[in-house]
Amino acid sequence: MKVSTVAVTAALLASTAMVAQAETLRWARSGDALTLDPHAQNEGPTHTIRHQMYEPLIIRDVTGAFEPALATDWAPKEGDPNVWVFNLREGVTFHDGAAFTAEDVVFSFERAQQPNSDMKELIGSITEVRAVDDFTIEMVTDGPNPILPSNLTNLFIMDKGWTEANNTVNVQDFEGGEITFATTNTNGTGPYVLTSREPDVKTVMTRNEDYWGRDQFPMEVSEIVYTPIQNAATRVAALLSGEIDFLQDMPVQDLSRVAEADGLAVKTAPQNRVIFFGMNQGADDIEADNIDGANPLADVRVRQAMSMAINRDAIKQVVMRGQSEPAGMIAPPFVNGWTADMDGESGTDIETAKGLMADAGYADGFSIRLDCPNDRYVNDEAICQAAVGMLGQIGVTVNLDAKPKAQHFPLITDGKTDFYMLGWGVPTYDSEYIFNFLVHGREADIGTWNGTGFDSDDLDAKIASLASNTDLDARNADIASIWRVVQDEQLYIPIHHQVLNWAMTDAVGIDVDPEDQPKVKYFTMN
Amino acid sequence: MLAYLIRRVAQSGLVLLIVGMVAFGMFRFVGDPIDNMLGQERTQEDIDRLRGQLGLDQPFAVQYFRFLENAAQGNFGVSYRQGRPVSDILLERAPATLELAAVSGFLAIAMGIALGVFTAIRRNGFSANFIMSASLIGVSLPTFLIGILLIYIFSVELGWLPSFGRGETVRIGNWTTGFLTETGLKALVLPSITLGLYQMTLIMRLVRSEMLEVLRQDYIRFARARGLRDRVVNFRHALKNTMMPVITVIGLQLGSIIAFAIITETVFQWPGVGLLFINAIQFVDIPVMAAYLMLISVMFVGINLIVDVLYFLIDPRLRADRAGAH
């Protein structure tokens, strides 16, 4: 009897000692990865899970700056602007022990260019990827591409041998419902190894002790347990009750509750997403208003007046509970081309706005329908409701039509809305991406999200030239001049930059990533 | 009898077809699945290709007919969100929902009958009145609020029970069960109370009123007059005769326990079919929505059919009436 008590005590002591060493990160957010196949879906939460197990050539650190991952350095080839040269990291192994070489990079890029790949658009300019030697890669593009590295930060590298052995050379046909070995299994070079996974329920990963950067990064988390929790209140309750250590998708109304709770902290950083209203200025007459035979939005004075009527500080304080940064341009602050001056160009001035309305011939105002999503951005519908009251002050009567995102976004891409809310994130961190989708005239594969009807051949030519301009100073000057037009034309009404909140226990140490992509190798655990 | 049965089955089939048609008619108003499936970098060409591939460019009647054709062969298509066959996903999720429904059903029946009998016998007692008043909460509070309330008290404040998930599960063949682990059992407590509370109060109130009715009957008075003990009178004579309508209601309520698990599953992140359905609505995952709605309607129609047939078998008056009418 005595002996067994001692044994039990010893076992208990041993197990507490084990717990002290093994640091489990219990992590929750609202959604789950859609698949584990590195190239089958280009979607935020899916990339987040992959980032723990797979690695691209380059990643971004928490400031948005490039950081070497599987490539150690990269530069355009001297004498040939159409080629980028990447030097690869040596001594890296995949989880199954296979060595990482240039062959795997060539293979992964070819795989990512297959028709079923969801990543192919990002590397559409690459015509050839060739291995110069085991640890040097050359990427040939169809013209000079100064911002190619920006497109590679979510492009994961797979092991050629593993993929061939497991019959997953082809990217999973996601829409066709195909399940391949790579959908449910992983073999990356990343800091964590997949232990188990039930989609939408739980994913467990353990630390890769052979990771090349084991000594360079904190890597204090030995096990990750990732659980999607859809209901916002339950998510917060799980954090408050100590069942979760780290929470993304923190509802803003519970921020103060969590921040005040003992042992919990909320960290905040500007997110790579700007929220704004678009107005259809291109049509001769629009359907959503009460003015026949004319389009009030076609007059730049009306657009300016509407922008002036929006009190962005009030939206920040009341609707967003302080969790936003008023915006004057539709580029997030990390993006090349963003300037503090232009971002400060929106002010509230009801009197001037009324004057502009009168000058434009709409002293009595007009009514218009505002289309708004109600499940996409932080407090999206409430922002629109606030805007309704603010625009009413200058005589613009707004009828709000808020719907789920699946119904809202087709209105914009199909040109069926004249006044709408949209948010935009810039994965490439360069203004060209914004111009291509939101400023360029709408054509089959460019300007697809430009619902303003704005179409300027001069500007389109300038935007097109950005893609291959390798003189970065001249390119930046062009970007600035395009922004000047966008600002002067009041193409959009910027509202604010979203702020990202991560909640965690005091033990967890991590800075907020502006792309909402936590990389657990940076986490510390006290 | 056979004619009656055939007529009932035919009616059930018709109901199913109409439910399916209404469901398909509504899907177009839920939104455009394409928008969620392709990222913001998609081109019109991608959209058209995918729409053609999924058959979404076809008229609604054609889409519905295709669905019926495939469903008849047991093929419910592929989830737009997860990219896996819907039948696989449903089978994987079913154990969670069925276990939750079984526990809440059992809880509702056992507690409902016990409390119902208690409040009927001690009609004017303090505790019976207290239980009756408290049961109003179960009837009137919405499920999600009860769930959040329970989470707040038992998870956040007291820290006794988990606020989400199923805990550890054990896999037996194709079935995953939470009954065999401590965390699994703990995880069942709050969701099953939340889900079963409404049914429990319903059964309790029904048992009570039926029981009071029965207790007033002559044969109960005679039983008492014969000097039978209270326990025998209450349980052998009164309760037995109370059960007929109660069983009917329980049968029908079992269906709604599974169907209304949606809200409870969302609140507790319970990985069952209800949560799957909510996800599907948000993503406009038409194959999952269609399969779930058909499954639920098959279940309801099936239960109703069985209840009808049971009535026919159990209640001799029904048979006599019919015989008389023919």
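**Briefing on the chain A and chain B model**

Chain B contains 14 helices and two strands. The structure is a predicted model. Chain A and chain B meet in a contact that takes 37 residues from chain A and 40 residues from chain B.

**Chain B overall**

- The C-alpha trace of chain B spans about 85 × 65 × 35 Å along its principal axes.
- Chain B has 326 residues, of which 36% count as buried.
- Among contacts in chain B between residues at least 6 apart in sequence, 70% link residues at least 24 apart.

**Helix packing in chain B**

- Two packed helices are described by the angle between their axes and the distance between the axes.
- For helix α5 (residues 86–121) of chain B and helix α12 (residues 273–283) of chain B, the axes come within 7 Å and cross at roughly 130 degrees.
- On the α5(B) side, the contact is made by B:Ile89, B:Leu90, B:Arg93, B:Ala94 and B:Thr97, and α12(B) contributes B:Val273, B:Gly274 and B:Leu276.
- By class, this contact of α5(B) with α12(B) has five nonpolar, two polar and one charged residues.

**The side of chain A that touches chain B**

- The contact between the chains takes 37 residues from chain A, and the elements giving two or more residues to this side are α6 (232–240) and α13 (405–413) of chain A.
- The largest share, five residues, comes from α6(A).
- By class, the side of chain A that touches chain B comprises 16 nonpolar, 13 polar and eight charged residues.
- Helix α6(A) is mostly covered, with seven of its nine residues buried.
- The buried residues of α6(A) are A:Thr234, A:Arg235, A:Val236, A:Ala237, A:Ala238, A:Leu239 and A:Leu240.
- Just after α6(A), A:Gly242 adopts a positive phi of about 80 degrees.

**The four-stranded sheet of chain A**

- An open sheet of chain A is formed by four strands in the order β4-β5-β7-β6, with antiparallel pairing.
- Its edge strands are β4 (71–77) and β6 (126–133) of chain A, each of which pairs on one side only.
- Neighbouring strands of this sheet are turned against each other by 20 degrees on average, direction ignored.
- Within the sheet, strand β5 (residues 80–88) of chain A pairs with strand β7 (residues 136–141) of chain A in the antiparallel sense over five bridges, and A:Phe86 stands opposite A:Ile137 in β7(A).
- Helix α3 (residues 102–112) of chain A packs on the sheet and touches β5, β6 and β7 of chain A. The direction of α3 makes about 170 degrees with that of β6(A).

- Strand β8 (residues 192–198) of chain A and strand β9 (residues 202–207) of chain A are paired in the antiparallel sense over six bridges.
- In this pairing, A:Glu198 stands opposite A:Lys202 in β9(A).
- The hairpin of β8(A) and β9(A) has three residues between the strands, and A:Asp200 takes a positive phi near 70 degrees there.
- Strand β9(A) is also joined by four bridges to strand β10 (residues 223–228) of chain A, and the two run antiparallel.
- A:Thr206 stands opposite A:Glu223 in β10(A).

Terms used: Residues are numbered from 1 along each chain as its sequence is written. Chains are lettered from A and ligands numbered from 1 in the order in which they are written. This is a predicted model: local features need pLDDT of at least 70, side-chain atom pairs count only at pLDDT 80 or more; totals for chains, interfaces and linings use all residues. Two residues are in contact if their C-beta atoms, placed from the backbone, lie within 7 Å. Ala, Val, Leu, Ile, Met, Phe, Trp, Tyr, Cys and Pro count as nonpolar, Asp, Glu, Lys and Arg as charged, and the others, Gly among them, as polar. A residue is buried if 20 or more other C-beta atoms lie within 10 Å of its own, exposed if 12 or fewer, and partly exposed in between; C-beta atoms are placed from the backbone. Axes are lines fitted to C-alpha atoms, for helices over the stretch in contact, and angles run from 0 to 180 degrees between N-to-C directions. Two strands pair if DSSP finds at least two bridges between them.
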